[in-house]
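Here are some notes on the model for your review. They are set out as numbered points, each on one part of the chain.

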Amino acid sequence: MADRQEAAGEDDPLWVLACSGTGGDILPFIAVGRQLAARGHRVRLLTPAPYVDWVASHGLACDGFGSEQAFQACLDNPDLWDERKGFAVVWQSVAPYLQVLRELAARESGRCHLICHPIMLAAANLAKAARPGIKVAALHLAPSGLCSSHEFPALGSLVLPAWLPLAWKRRLWRWVYRFWLDPIMLPALNAARRDMALPPLDSFDSLLRGTPDAVLGLFPSWFAATQPDWPAPYFEAGFPPVPTGPAAELSAELQAFLDAGPAPVAFTPGTGHKHAGRYFESALAALARCGRRGLLITPHREQVPESLPPDVLWLPHAPFELLLPRLAALAHHGGIGTCAAAFRAGVPQLICPYAFDQFDNGWRARRLGVAETVPAGKLTAGTMAAALRRLLASEPVAESCARTAGLAGAGSAFAAAERLEQALGLRVSRPLPA
């Protein structure tokens, strides 16, 4: 990988992949970055500071923004996982660093392309204003961020009926921006624009639609079909594969547990969730009610019940591509990367969404026939156990899982680097080293 990056000439644009969030948000950017580097491009990631070394372990150059302390303060805030308050917590962790892409681009004497997570488009907007020649692409990891009125996404626990008139849905989006998103985001953004002698924005929606030169969806059309009102030009790239090294393997402890009895049910609320004590208590009780073995997966041991029965194992992490095919079912938060991994493995899903895109991802997985959803606010041992019993006893769910695994299993369908070259008008022009 490093040899291929060195093969890129100094006249080639630097591709800066800017992302925020936790591991599940950053893994797709690593996958795209590795594709771009393999095609001979100069690539650099920009991530929250705690992930710099992890990105580098995948063979990619990386810069960090923020600090470990600030990042942990964000994770420690229980409002992060509130469906109405969570976005403000995330924005507060990004807003102090709105100039980071402008500063990074200023250090680059040649051309520069910015490939951004949607929340980093605010920083890309300022960089593009300072250097109008910069090209920007937005990478949407999940369809809800594309804000369609034709197929209105689940906004938290609010799911609109499909028959609602299109004009009403458009009006609702205007209200969402005016009364929720704009008051959160515009003050810091317009303060930064004022410092650059730029006029203020009246809506964050205009930035989302006006900043990118192209938009990529890192999900397939069978999960979310392209909508007429998605930003153009739009390119579909498919679910990214999980970038793993040759050392990925099941631990001896996990292997022994899997071999010792029937396929377990695994539970995870996501690597960044530090306030899931109730989730794991309900999971433990639901396993007992269903008579099932289980795995509780979180790096934060303090939120797992201290005493676990012999048929339940706690793990800080596990390689999903190896673990999921060994499961009876996967219970999780509805993160898009976890959904994709479960689709590939053909395993039934119990999705307990907390915030962000999780509700919409869960709704789409349920529509595919492979999942049940229990919103975090309604989570109890009883609702969890009942949903698991239905999933595990359903032949239609098993058939849908097998069908979806066939659709999701083709890793070669992921073509983000090629789509980006097409979108930004660039082709690799040198032979790549062997």
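This is a predicted model: local features need pLDDT of at least 70, side-chain atom pairs count only at pLDDT 80 or more; totals for chains, interfaces and linings use all residues.

1. Strand β4 (residues 112-116) is mostly covered, with five of its five residues buried.

2. The pairing of β4 involves β1 and β5. Strand β1 (residues 14-18) runs parallel to β4 and is joined to it by five bridges; within this pair, L14 has C112 as its bridge partner. Strand β5 also runs parallel to β4, here with four bridges, and H113 stands opposite K135 of β5.

3. The loop between α7 (121-130) and β5 (135-140) contains P132. P132 counts as exposed because its relative accessibility is 66%, and the cut-off for exposed is over 50%. Between P132 and S206 there are 74 residues in sequence and 17 Å in space, taken C-alpha to C-alpha.

4. A separate open sheet has six strands in the order β10-β9-β8-β11-β12-β13, with parallel pairing. Its edge strands, β10 (312-315) and β13 (371-373), each pair on one side only. On average, neighbouring strands of this sheet are turned by 15° against each other, direction ignored. Within the sheet, β8 (residues 265-268) and β9 (residues 294-297) pair in the parallel sense over three bridges, and F267 stands opposite L296 in β9.

5. Two helices lie across strands of that sheet. Helix α11 (residues 277-290) lies across β8, β9, β10 and β11 (329-332), and runs at about 170° to β8. Helix α15 (residues 381-393) lies across β8, β11, β12 (349-351) and β13, at about 155° to β12.

6. Leaving aside neighbours within four places in sequence, D229 is in contact with C147, S148, S149, H150 and R209.

7. Twelve salt bridges are found in a search of the whole structure. One of them joins R44 and D63, whose closest N and O atoms are 2.8 Å apart. This pair links distant parts of the chain, with R44 in strand β2 (residues 42-48) and D63 in strand β3 (residues 61-65), 19 residues apart. R44 is partly exposed at a relative accessible area of 27%, whereas D63 is buried at 18%.

8. R326 and D259 also meet in a salt bridge through their side chains, at 2.9 Å from N to O. R326 lies in the loop between α12 (320-323) and β11, and D259 in helix α10 (residues 252-259), so the pair ties together parts that are 67 residues apart in sequence. R326 is partly exposed, with a relative accessible area of 30%, and D259 counts as exposed at 53% relative accessibility.

9. The salt bridge between R364 and D360 has its closest N and O atoms 2.8 Å apart. Both residues lie in helix α14 (residues 358-367), four residues apart, about one turn of the helix. Are R364 and D360 buried or exposed? Both R364 and D360 are buried. They belong to a network of salt bridges that links E151, D360, R364 and R367.

How values were computed: Residues are numbered from 1 along each chain as its sequence is written. Side-chain values use heavy atoms; hydrogens and water are left out. Contact means heavy atoms within 4.5 Å. Two strands pair if DSSP finds at least two bridges between them. Axes are lines fitted to C-alpha atoms, for helices over the stretch in contact, and angles run from 0 to 180 degrees between N-to-C directions. Buried means under 20% relative accessible area, exposed over 50%, partly exposed in between (1.4 Å probe, protein chains only). A salt bridge is a side-chain nitrogen of Lys or Arg within 4 Å of a carboxyl oxygen of Asp or Glu.
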